[in-house]
Amino acid sequence: MGKEQRRQKNLPVAAQTLTGLLTEDTPAEIKRLALFELALVAQDDNKFVRAEQIFGQYLHNYSEDASAPEIVLRQGLIYRQMGVNSLAISKFYAVMSTALKLKLENMEYYKNLVLQAQVEIADTYYQEGKYEEASDFYSRLLKAANPALDQAQTHYKLVRSLSYLTNNVETAAQAQVFLTLYTNFADVPEVRF
């Protein structure tokens, strides 16, 4: 019921329902799920500090849970929304170490989480205006040639990062590669410019 209330954006009622589950004598698995949902309710309600607290409590109580890397990724995204980019980046790095320490069955899912964390690190540097770091990360992501990566978008951000660094030779070279590979990309005119 709390999950459905959250989907319907009835956040105060969802929070009340889920909090009730945490205070009542309910099975441990239900409490785990309720705690996770309660954090999502806080996040959806833009109560980022509260969401961070709940996610932190979740990780404290269920550190060996298979969802731990995803929770850490969510924490990083919330920190970035809050403008605390240094904490966001540390959480994105923590996604990788958390995924490595767990003995996980669905390796492909966790590889994609790690890839997303790496993209988020690059994007955070880009948003901060740290184009040297961003271009370095985008280059490494492209060299890894992961099929799950949005290659065109990543290459586009690499070109943008390089252009902010006023590295004209490298920018022109990467822009030319981009234009050769992604002729139908929406921002081709900007790259040509």
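Predicted model: local features only at pLDDT ≥ 70, side-chain atom pairs only at ≥ 80, totals over all residues.
Reader: How far apart are the end C-alpha atoms of α5?

Author: They are 21 Å apart, and because 15 residues at 1.5 Å a residue should span 21 Å, the two values agree. Just after α5 comes Gly 83, which takes a positive phi of about 85°.

Reader: What about α6, which residues are buried there?

Author: Asn 85, Ala 88, Ile 89, Phe 92, Val 95, Met 96, Thr 98 and Ala 99 are buried in α6, and the cover over the buried residues of that helix includes α5 (68-82) and α7 (107-128). Helix α6 itself takes in residues 85-101, 17 residues in total, and its first and last C-alpha atoms are 24 Å apart, close to the expected 24 Å.

Reader: Stepping back, how many helices and strands are there in the protein chain?

Author: The protein chain has 11 helices and 0 strands, and its C-alpha trace spans about 65 × 35 × 30 Å along the principal axes.

Reader: What percentage of the 193 residues counts as buried?

Author: Of the 193 residues, 45% count as buried. The accessible surface comes to about 10,900 Å², and carbon and sulfur atoms account for 52% of that surface.

Reader: How many positive and negative side chains does the chain have?

Author: There are 20 positive and 23 negative side chains, and the centres of these two sets lie 1 Å apart.

Reader: On to the inside: which residues have the most contacts in the largest nonpolar core?

Author: Those are Phe 55, Tyr 138 and Leu 141, in a core of 49 residues. Two or more residues come to this core from each of α2 (11-23), α3 (28-44), α4 (48-61), α5, α6, α7, α8 (131-144) and α9, and α7 gives the most, with 10 residues.

Reader: And apart from that, what other core is there?

Author: Another core, of 10 residues, lies apart from the largest one, and its members include Tyr 156, Phe 178, Tyr 182 and Phe 185.

Reader: Back to Leu 141, what does it touch?

Author: Not counting residues up to four places away in sequence, Leu 141 touches Leu 115, Gln 118, Val 119, Ala 122, Leu 149 and Thr 154.

Reader: I'm curious about His 155; buried or exposed?

Author: His 155 counts as buried because its relative accessible area is 4%, which is under the 20% cut-off. The residue sits in helix α9 (residues 151-164).

Reader: What is His 155 in contact with, beyond its neighbours in sequence?

Author: Leaving aside neighbours within four places in sequence, His 155 is in contact with Leu 142, Gln 174, Val 177, Phe 178, Leu 181 and Tyr 182. Phe 178 and Tyr 182 are also among the members of the core of 10 residues.

Reader: Is Ser 135 buried or exposed?

Author: Ser 135, a residue of helix α8, is buried, with a relative accessible area of 6%. Not counting residues up to four places away in sequence, Ser 135 touches Leu 158, Ser 161, Leu 162 and Leu 165.

Reader: Last one: Thr 183, buried or exposed?

Author: Thr 183 counts as exposed because its relative accessible area is 54%, which is over the 50% cut-off.

Terms used. Residues numbered from 1 in each chain as written. Heavy atoms only, no water. Helix = DSSP H or I, 4+ residues; strand = E, 2+ residues; numbered from the N terminus. Buried < 20%, exposed > 50% of the residue type's maximum accessible area, 1.4 Å probe, protein only. Areas by Shrake-Rupley, 256 points an atom, 1.4 Å probe, with all protein chains shown as cover. Lys, Arg positive; Asp, Glu negative; His and termini not counted. Charge placed at Lys NZ, Arg CZ, Asp CG, Glu CD. Expected span 1.5 Å × (residues − 1). Contact = heavy atoms within 4.5 Å. Core = buried A, V, L, I, M, F, W, Y, C linked by side-chain atoms within 4.5 Å.
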